[in-house]
Amino acid sequence: MSEKEILAQLIAMSRELGRPENDYVILGEGNTSAKIDEEHFFVKASGKYLADSDENTFVKVKLNGALAILDKDNLTDDQIKELLFAACADPDSSIRPSIETTFHAFLLSLPGVNFVGHTHPTPILAMMCSINAENIIRGRICPEEIVFCGPESVYVEYGDPGLALGKKIRESVYRYIDKHGCNPKVIYVQNHGLIALAGTADEVIAATAVACKAARALTGAMIFGGVRYLPEEDVERIYVRPDEAYRLEQLKRARNR
Ligand SMILES: [Zn+2]
């Protein structure tokens, strides 16, 4: 796929995630990204609205420059912004990458991940802001959720958007890869929102939609007296594993980190 085609797909995905009737984001909430090649990616610029995405909404960033920020400690927001700006492929760019760019860089560095969509959907926030946040997403409730959101979700405790959250996401995702031998499809962030990651833009859209539907179903199940999760053997049977070579490559990368 050419850089132009990747940008077109990212724009379409972002507009879909930003549609007001979806209730995934309002105003400038949320951010999206796409891998261009092994060295570059597009990410939403700070302050832009997903619903109005066009060619001027995204910044081209050097992957290694953004990844290196995650290995630093105790940076202020201004220092992160400076390093992110230095990682921009176009030094004359008038728009700046979102402060959450570091976790996009990390997720896009995983083999097989080409698109990332981060949103703040109200049904997900209702769960993530509850005292049962971690517990309620611990299982799967219907076959579609297993197919589109994977056998399990990643749960990440609250961290300041920017460096602290980026580090927590990296740690939790590596733990998931070690356990399952494949990438997660959805990440839930306490008191914050949802991240969907996938090979295609359509899969990101589907994972976000299904996660929101599951969140509404979970809310209803709680009202009806409690959630009946699917037994693990059913989840295992329904989940279609990625091919073996792909899984081995991921494990190798995870071990070399
Ligand atoms: Zn966010």
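Modeller: Helix α4 (residues 101-108) is mostly covered, as eight of its eight residues are buried (20 or more other C-beta atoms, placed from the backbone, within 10 Å of a residue's own). This is a predicted model, in which local features need pLDDT of at least 70, side-chain atom pairs count only at pLDDT 80 or more, and totals for chains, interfaces and linings use all residues. Residues are numbered from 1 along each chain as its sequence is written.

Colleague: What counts as a helix or a strand here?

Modeller: Both are DSSP runs numbered from the N terminus: helices are H or I with at least four residues, and strands are E with at least two.

Colleague: Turning to the sheet, what is the strand order?

Modeller: The open sheet of seven strands runs β3-β2-β1-β4-β7-β6-β5, with mixed pairing; two strands pair if DSSP finds at least two bridges between them. Its edge strands, β3 (58-62) and β5 (154-156), each pair on one side only.

Colleague: In which sense do β6 and β7 pair?

Modeller: Strands β6 (residues 186-189) and β7 (residues 193-198) are antiparallel, over four bridges. I187 has I195 in β7 as its bridge partner.

Colleague: And the largest nonpolar core, which residues touch the most other members?

Modeller: Of its 67 residues, these are L10, F41, F42, Y188, V204, A207 and A211. Such a core is a set of buried Ala, Val, Leu, Ile, Met, Phe, Trp, Tyr and Cys residues joined through C-beta atoms within 7 Å.

Colleague: Which helix gives the most to this core?

Modeller: Helix α9 does, with nine residues.

Note on methods
Buried ≥ 20, exposed ≤ 12 C-beta atoms within 10 Å, placed from the backbone.
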